[in-house]
Amino acid sequence: IMSKGTVVLAYSGGLDTSCILVWLKEQGYDVIAYLANIGQDEDFEAARKKAESLGAKKIFIEDLRKEFVEDFIWPSVQANAVYEDRYLMGTAIARPCIARRQVEIARKEGAQFVSHGATGKGNDQIRFELTCYALYPEVKIIAPWRIPEFYNRFRGRKDLMEYAQKFGIPVPVTPKAPWSMDANLMHISYESGILENPKSQAPPDLYLMTKNPADSPNEPDVLEMEFRNGVPIKVTNETNGISKNAPLEIFSYLNEIGGKHGVGRIDIVENRFIGMKSRGIYETPGGTILLKAHLDIETFTMDKEVRRIKQGLGIKFSELVYNGFWYSPECDFVRHCIAKSQENVEGKVQLSVFKGQVYILGRESPKSLYNEELVSMDVQGDYDPCDASGFIRINAVRLREHHRLQGFSGKKQ
């Protein structure tokens, strides 16, 4: 049979993408299975053997953990990236990292198609595909969960299981958790299934990365984190002297400490790009510690007005990344501006991690804009208090005129 062409499938080793692999072969494609290691707990060798047995023409298992931290997590730390005030975007920043390598493989292997197992309702299809189109404009995308003959045939897990049995696809023996999970180095997300009712509380055994704060140690871990250019270059545990200085090791260690103390759990309803609200539970231990520490050293070393502009750019960056536009001209521009703002964000922050919380204890920096003498209650310094009278009167001109001409008098204060 003439092959319809070669497709690089983003393959997880799970039921959905295993069925998709076999289904793509059924449709007449040569399938290259591509599995990205971005820090999820996975038996990669078993996944390789499974993809081989299902007839993948080639299998790529790529360790992307280091580049995930340096190229994706670090820019998010510099931005203080938080979507809708709470979500640290562990899934959103992982997608462009996964898709970037998928496209590199497709180009190298001369594959004109790429495929993924993202659903037709979620954000991930957008994030994967916008990245693919940006980095490989001629690519063709096969999204089975948007193809009627696929989604009408596989209406639920039962249909997938039957198909798997028919084609000898090994199915998981352990019963699947009644929610769906996405794990990487940055976080684990939990959604759908029993979590679809926003009032249903998550069962206590749901969380895999973090301890329940109530069961966490009764002694804090005290860390010193050193920043340069707005990213951590060293973390030292003052309690036991353990020290890490490579990006991947720093981040993994912060996950370990944050997890041990139950830091970084959130349960939220968020707005997807596609226009619906969804309920998600996330745990981001290391990312949460980093956000708190970075905010502290940034405010200490950054000019007030630069920080105000940069804060707006951080929100813009978060929306762009959440919506899938990492590889867009506007996101590139915003990232450059944010990176520029980080040139003097350096120094050390001391913090304590304890019972689900991160407490900042102190900070120091050679680039500090804090002037102890200027701010002191006990020293006059280079400041004349008389100047404040004029400053206040000038600021009051507008308020007095408003009151005089339009009046607050008729309104209750």
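The model is predicted, so local features need pLDDT of at least 70 and side-chain atom pairs count only at pLDDT 80 or more, while totals for chains, interfaces and linings use all residues. Residues are numbered from 1 along each chain as its sequence is written, and side-chain values use heavy atoms, with hydrogens and water left out.

I'll start with the domains. UniProt, in an unreviewed entry, places "domain: Arginosuccinate synthase-like N-terminal" at residues 7-170. The record's positions are given in the numbering used here, feature names are shortened, and annotations may be inferred rather than shown by experiment. The span 7-170 is 50% helix and 15% strand, and its end C-alpha atoms lie 22 Å apart. Helices here are DSSP runs of H or I with at least four residues, strands are runs of E with at least two, and both are numbered from the N terminus. The unreviewed UniProt entry also places "domain: Arginosuccinate synthase C-terminal" at residues 179-400. That stretch, residues 179-400, is 37% helix and 25% strand, with 59 Å between the end C-alpha atoms.

Next, the charged pairs. Side chains of opposite charge can pair when their charged atoms come close. The criterion for a salt bridge is a side-chain nitrogen of Lys or Arg within 4 Å of a carboxyl oxygen of Asp or Glu. By this rule the count is 26 salt bridges.

One of them joins Arg100 to Asp71, with 2.9 Å between the closest N and O atoms. This pair links distant parts of the chain, since Arg100 sits in helix α4 (residues 90-108) and Asp71 in helix α3 (residues 65-79), 29 residues apart. For accessibility, buried means under 20% relative accessible area, exposed over 50%, and partly exposed in between, with a 1.4 Å probe and protein chains only. Arg100 counts as buried because its relative accessibility is 18%, and Asp71 counts as partly exposed because its value is 33%.

Arg95 forms a salt bridge with Asp124, the closest N and O atoms being 3.0 Å apart. Here too the pair links distant parts of the chain: Arg95 is in helix α4 and Asp124 in helix α5 (residues 124-135), 29 residues apart. Both Arg95 and Asp124 are buried.

A local case is Asp332 with Arg335, where the closest N and O atoms are 3.7 Å apart in a salt bridge. Why are Asp332 and Arg335 separated by about one helical turn? Because they are three residues apart in helix α11 (residues 329-341). Asp332 is partly exposed at 36% relative accessibility, whereas Arg335 is buried at 18%.

Back to Arg100 and Asp71: they belong to a network of salt bridges that also links Glu62, Glu67, Arg101 and Glu104. Glu62 lies in strand β3 (residues 58-63) and is buried, at 16% relative accessibility. Its side chain makes a polar contact with the side chain of Arg101 at 2.4 Å. A polar contact is a pair of N or O atoms within 3.5 Å; within protein, one must be able to donate a hydrogen and the other to accept it, and residues adjacent in sequence count only if both atoms are side-chain atoms. Leaving aside neighbours within four places in sequence, Glu62 is in contact with residues including Tyr34, Leu35 and Ile105. Contact means heavy atoms within 4.5 Å.

Now α3 again, in a helix pair. Helix α3 packs against helix α8 (residues 247-260) at about 80°, with the axes 9 Å apart. That makes α3 roughly perpendicular to α8, a class that covers 65 to 115 degrees, with angles under 35 roughly parallel, over 145 roughly antiparallel and the rest oblique. Axes are lines fitted to C-alpha atoms, for helices over the stretch in contact, and angles run from 0 to 180 degrees between N-to-C directions. Among the residues that meet are Val69, Ile73 and Trp74 in α3 and Leu248 and Phe251 in α8.

Last, two backbone points. Most residues other than glycine have a negative phi. Asn80 has a positive phi of about 55° although it is not a glycine. Asn80 is in the loop between α3 and α4 and is buried at 15% relative accessibility. Lys355, also not a glycine, has a positive phi near 50°. Lys355 lies in the loop between β13 (347-354) and β14 (357-364) and is partly exposed at 25%.
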